[in-house]
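Subject: Structure handover

Hello,

I am passing on the structure we spoke about.

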Amino acid sequence: MSIVESLQEAVVKQLTALYTGPFAAADFQVNQTKEEFEGDYTIVLFSLLKKTGKNPVDLGQQLGEALLAAEPDFFNGFNVIKGFLNLSIQDHYWQKLLSDNYEKDDFGKQQANGKRVMVEYSSPNTNKPLHLGHLRNNFLGWSVAEMLKACGNEVFKSCIVNDRGIHICKSMIAWQMFAEGETPATQQEKGDHFVGDYYVKFNDEYKRQIEELVQDGMEKAVAEKEAPIMKATQQMLLKWEAGDGEVMDLWRRMNSWVYEGFNETYKKIGSDFDKTYYESNTYLLGKKIVEEGLGKGVFEQEADNSVWIDLTADGLDRKIVQRRDGTSVYITQDIGLAQVKYEEYKIDRNIYVIGDEQNYHMKVLRLIAQKLGLPNADNIYHLSYGMVELPSGKMKSREGTVVDADDLVAEMVATAKQHTEELGKVKDFTEDELAHLYETLGLGAMKFYLLRVDPKKKMVFNPQESIDFHGFTGPFVQYTYARIKSILRKEAATNETLESTPLLRLEKSILVSLEQFPAVIQQAAAELNPSVIAIYVFNLAKAFNSFYTVHSVANAETAEKKQLRLRLAVMTANVLKSGMQLLGIQMPERM
RNA sequence: GGUUCGGUAGCUCAGCUGGAUAGAGCAUCAGCCUUCUAAGCUGAGGGUCAUUGGUUCGAAUCCAAUCCGGAUCACCA
């Protein structure tokens, strides 16, 4: 049980004994005591005045005395200031916490709870390479999965590859028109970038054709539909759904180039999946479900054969689920996938990590699943995250302002290299060790940067200013860890029983922080919010830094103090490491 | 226009289930390396918490209105 929970329980017990209840933990707040006051935790009394019929000072005094009398082993003292009851916890409580847990590398993690959760993330289109927005998605999804695991869930990471559809055909058409047989191999280019280039070429040509038609007197809206390259693309999609051999061959070939590129990127950034789904498989089931839904009367068919669902009663609109030419739209395959996921994994929660631009889409998906009576419908949860924007606004591929994922990773690793060389602390490292260190630091900086912000909120990334290595950053936490490890290479903690020694302020501030780690994991997982962990880990690192610049570990005042501080060092290192692990960030032993 | 999310220091962000004098980091300025790694530590300046009204003993936090910005409302994905 956490300290806060123990406090709540103790306070409720004493309130019930002193006054006429009933009382519950929700009746009052327990806060960490502010620096400027004496105490560890504070009970805010105002909300209890009415029920107890007391004034704040009397209530605080009575409650404080009762708590101290009832649990003298736990409480060390109290003071009342205005409406706040500040309580101090006995030093030996903190020291026991340390002795019991300092060597546990699973501190803060929970037992299996039997729940099965799927986290779908990444979900790329196979027509262009990954960009900065995908990185936020990948880091978020991976981290959320880790946090849920730490809370005892069995987690399955999944990825839906949007490998078919009109957008893929665009790259294919452009390749047919302009490539003259070039491949990633002949161009010495990463496959996803190679295919992405043709997606850009499509749009250039499309724009050119529209202009040409408009100049010949056609309305712009008509020209957009009549442009030959667009018509050819639509033809190709039809052929694709019909299984045309030539089209399928080209599709397989180009997708394989993209997969090769993606795999390289995923490997680099540490994204992995327990299951990869392909839209080219799931869309057929979607179509089947649409057919069944028509029979059930959930969907309705227009005279032109297109199929719709009417969600106006739910405050939304009419939504198309199948085009008049019989081809499926984006949401069709999602319906199929929702069913497949449940059938294969019998999951209790079905989390989708998808940008907030798709809030409406996900609302529709959930509603459709519910109306169809899919078994998993109510468990669909959209983890909606904000877009990553540039100082100039949204990233726009047309304006060439998209920050490419591979480029950014390479830049971060190069920056890590530059900093490391300037500092010159690891000159004895081998080439391999150096390369590994640069990746650890570069990726650590980038992941931390993208995860330290509340996922729900959009965030701004300034490519002009490279991601920092100082302050509230990944490398700051990594550096703290490396320095602790440096101490622990010279001095080891022993298991002997320690005499209790009075805790210094800076020692206790670390212990208070360490004690909160389990609660922090739970909160982060409940909110599906890695920034909670990032903020925590930063504060813990800061507390340790402040502590050990003032107090020596190796040359502590007494043998007891030395052991106490070594244990503090061990436990802080452990917690920093497992906290960062939840963010997908590795820790260097030296840097 | 409908729906929806947001507006906190020069910049990027915490704080939002109401509680003590609104916090970090960056940037700026002033200090600290013969002593466990200075990617560090200590300190200073910097705020009409978009605006107005309401609820409350108490509001950055809750409610309403207004202003500003984003997303979305495709036979695109």
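Predicted model: local features only at pLDDT ≥ 70, side-chain atom pairs only at ≥ 80, totals over all residues.

Chain A splits into three parts: domain 1 spans 3–89, domain 2 spans 121–399, and domain 3 spans 410–582.

I looked at how domain 1 and domain 3 meet. Their C-alpha centres are 34 Å apart. Six residues of domain 1 and five residues of domain 3 make up the contact. Together the two domains bury about 440 Å², and carbon and sulfur atoms account for 33% of that area.

As for specific interactions, two salt bridges link domain 1 and domain 3. A salt bridge also joins the side chains of Asp40 and Lys508, with an N to O distance of 3.0 Å. Four residue pairs are in polar contact between domain 1 and domain 3, counting pairs with both residues at pLDDT 80 or more. On the domain 1 side, the residues touching domain 3 are three nonpolar, one polar and two charged.

Now the cysteines. The disulfide count is zero. Cys169 takes part in no disulfide, and the nearest cysteine sulfur, which belongs to Cys159, is 20 Å away. Is Cys169 buried or exposed? Cys169 counts as buried because its relative accessibility is 2%, and the cut-off for buried is under 20%. Cys151 falls under that cut-off too, so Cys151 is buried, at a relative accessible area of 11%.

Regards

Terms used:
Residues numbered from 1 in each chain as written. Chains lettered and ligands numbered in written order. Heavy atoms only, no water. Domains from an automatic or database assignment. Contact = heavy atoms within 4.5 Å. Buried area = accessible area lost by both parts, 1.4 Å probe. Salt bridge = Lys/Arg side-chain N within 4 Å of Asp/Glu carboxyl O. Polar contact = N/O pair within 3.5 Å; in protein donor to acceptor, adjacent residues only side chain to side chain. Nonpolar A, V, L, I, M, F, W, Y, C, P; charged D, E, K, R; others polar. Disulfide = S-S within 2.5 Å. Buried < 20%, exposed > 50% of the residue type's maximum accessible area, 1.4 Å probe, protein only.
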